[in-house]
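Subject: Model for your files

Hello,

Here is the structure I said I would pass on. My notes on it follow below.

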Amino acid sequence: MFRRCAVRLCSRSVAGIDVCSLAAEVVSGNRRAVSRGITYVESVKPEHRHAADELLQEVSRLTEKNRSSLGAFRVAVSGPPGAGKSCFIEELGTYLTNQGHRVAVLTIDPSSTISGGSLLGDKTRMDKLSFNKDAFVRPSPTRGCLGGVTEATYDALLLCEGAGFDVCIVETVGVGQSEVEARNMTDCFMLLLPPAGGDELQGIKKGIVEVADMVVITKSDGATEALAKKTASEYRKALQVIRPYQAMADWKPPVLRISSHTHKGIHELWETVKEHREHEKVKLLRKREEHRLSKLWECLRKEVIGRIETDMDVAEHVHKLEDGVGKGTTVPRLAARHIVDAWVSVIKGEKPTQ
């Protein structure tokens with residue numbers, strides 16, 4: 001488990017929120033403080049977003065000694081509905097807390113395209129882990145974000161690490177070609193699959209199998225154990241076809257069988273996760289650096305768009321171009337360039353050209 005730095009005194013308040021006190025509580029491992037911090041990073045209110053920016057920076061400052069190493073295990077768990085992701089995560093989380101780890105689980109639930117709401121039912125499916133003093137479970141809605149995670153998942157991950165959780169598990173929203181962002185922000189990407197065959201096997205997207213660090217066949221017990229063995233065998237063969245050109249030194253994704261009901265295979269699975277982390281250590285450090293840089297440009301794009309949308313000096317120009325795009329007289333990419341040009345002109349103190 002990585003160690004946290006000693007808390008230095010600071011005093012900073014943003015929109016009535018005592019950022020420094022909250023950061024100190026987060027770093028001390030207070031789960032309520034972590035939950036409150038995640039609420040701020042997920043909020044769309046400008047005052048909360050500003051507070052979240054300062055909070056993340058202060059937590060980073062207080063834990064700066066941990067940056068030279070990988071720190072917490074970051075694990076993504078994906079799979080189709082019915083694969084048993086929540087049961088597996090609760091079983092794995094319980095096993096890890098019994099081993100002395102502190103475990104944070106960030107679950108992603110799909111949002112309604114109409115109301116934007118989400119059931120956030122994952123926490124109720126992990127009731128044992130939710131009440132574990134060494135665990136933290138936080139469900140979040142996607143709010144239309146692709147990649148299997150939410151816009152704030154990475155920031156929530158940083159807060160959990162800052163709070164001393166040395167294993168952070170991200171349960172993605174589902175299974176498909178868009179789960180790449182979940183893989184980018186974690187170190188080990190697990191693909192969970194139920195025992196299946198034939199058309200059910202073909203229904204799993206090839207893209208997600210290509211990026212998986214390990215394939216885990218669930219429900220390998222009782223009446224489904226024989227089918228689980230067959231499914232595992234078929235996926236071992238499939239991986240030889242899908243990923244045949246790997247160098248000898250590259251990590252070769254194993255296919256494992258587990259049972260959340262009988263606890264079978266959980267210990268072996270975690271040993272494989274540790275083996276993967278050690279094998280890929282240099283690559284993972286570089287991967288984290290590259291992901292931080294990609295997040296910079298992602299945040300920059302959102303910040304620029306947000307500034308343009310709220311800048312009253314370019315509002316009239318934007319409305320005219322939106323009208324032209326809506327009527328089909330102006331193509332979107334040209335209108336976008338004109339909007340940015342108008343905003344830059346305003347920044348320079350010039351009048352936007354029509």
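Is lysine 219 buried, partly exposed or exposed? Lysine 219 is partly exposed, since its relative accessible area is 37%. Keep in mind here and below that this is a predicted model. The residue sits in the loop between β8 (214-217) and α11 (225-242), and its phi is near 60°, a positive value in a residue other than glycine. Most residues other than glycine have a negative phi. Histidine 263 also has a positive phi, near 70°. Its place is in the loop between β9 (255-257) and α12 (266-279), and histidine 263 is partly exposed at 48% relative accessible area.

Overall figures

The protein has 354 residues, 49% of which count as buried. Its secondary structure consists of 15 helices and nine strands. The accessible surface comes to about 18700 Å², and carbon and sulfur atoms account for 54% of that. Taking contacts between residues at least 6 apart in sequence, 76% join residues at least 24 apart.

Helix α7 and what follows it

Helix α7 (residues 153-162) is largely enclosed by the rest of the structure, because eight of its 10 residues are buried. Among the buried ones are Tyr154, Leu157, Cys160 and Glu161. Glutamate 161, with 12% relative accessibility, meets arginine 74 in a salt bridge of 2.5 Å, N to O. Since glutamate 161 lies in α7 and arginine 74 in strand β3, this pair ties together parts that are 87 residues apart in sequence. Arginine 74 is buried too, at a relative accessible area of 5%. Just after α7, glycine 164 takes a positive phi of about 95°.

Aromatic pairs

There are two aromatic pairs. In one of them, phenylalanine 73 and tryptophan 270 are tilted, with 4.9 Å from centre to centre and 50° between the planes. Phenylalanine 73 is in strand β3 (residues 73-78) and tryptophan 270 in helix α12, so the pair ties together parts 197 residues apart in sequence. Both are buried: phenylalanine 73 has a relative accessible area of 13% and tryptophan 270 one of 3%.

The rings of phenylalanine 136 and phenylalanine 165 have centres 6.0 Å apart and planes at 35°, so this pair is tilted as well. Phenylalanine 136 belongs to strand β5 (residues 135-141), while phenylalanine 165 is in the loop between α7 and β6 (167-171), so parts 29 residues apart in sequence are tied together. Phenylalanine 136 counts as buried at 6% relative accessibility, and phenylalanine 165 is buried at 0%.

Other salt bridges

The count of salt bridges comes to 16. Side chains of opposite charge can pair when their charged atoms come close. Arginine 61 and glutamate 58 form one of these bridges, at 2.4 Å, N to O. The two residues both lie in helix α3 (residues 46-62), three residues apart, which is about one turn of the helix. Residues three or four places apart in an α-helix point the same way, because there are 3.6 residues a turn. Glutamate 58 is buried at 3% relative accessible area, whereas arginine 61 is partly exposed at 22%.

Glutamate 225 forms a salt bridge with lysine 264, and the closest N and O atoms are 2.7 Å apart. This pair links distant parts of the chain, as glutamate 225 is in helix α11 and lysine 264 in the loop between β9 and α12, 39 residues apart. Glutamate 225 is partly exposed at 25% relative accessibility, and lysine 264 is partly exposed at 29%. Asp187, Arg277 and Arg288 are linked in a network of salt bridges.

Helix α13

Which residues make the nonpolar surface patch of about 410 Å²? They are Leu293, Leu296, Trp297 and Leu300. Leucine 296 lies in helix α13 (residues 281-310) and is partly exposed, at a relative accessible area of 48%. The side chain of lysine 295 makes a polar contact of 3.2 Å with the side chain of glutamate 298. Leaving aside residues up to four places away in sequence, lysine 295 touches Glu151, Tyr154 and Glu181. Of these, Tyr154 is one of the buried residues of α7.

Regards

Methods. Residues are numbered from 1 along each chain as its sequence is written. This is a predicted model: local features need pLDDT of at least 70, side-chain atom pairs count only at pLDDT 80 or more; totals for chains, interfaces and linings use all residues. Side-chain values use heavy atoms; hydrogens and water are left out. Patches are made of residues with over 30% relative accessible area and no salt bridge: like charges are joined within 9 Å, nonpolar side chains (Val, Leu, Ile, Met, Phe, Trp, Tyr) within 5 Å. Accessible areas come from the Shrake-Rupley method with a 1.4 Å probe; for residues, only the protein chains shown count as cover. A salt bridge is a side-chain nitrogen of Lys or Arg within 4 Å of a carboxyl oxygen of Asp or Glu. Helices (H or I, at least four residues) and strands (E, at least two) are DSSP runs, numbered from the N terminus. Buried means under 20% relative accessible area, exposed over 50%, partly exposed in between (1.4 Å probe, protein chains only). Contact means heavy atoms within 4.5 Å. A polar contact is a pair of N or O atoms within 3.5 Å; within protein, one must be able to donate a hydrogen and the other to accept it, and residues adjacent in sequence count only if both atoms are side-chain atoms. Rings of Phe, Tyr and Trp (its six-membered ring) pair if their centres lie within 6.5 Å; planes under 30 degrees apart count as stacked, over 60 as edge-to-face and the rest as tilted.
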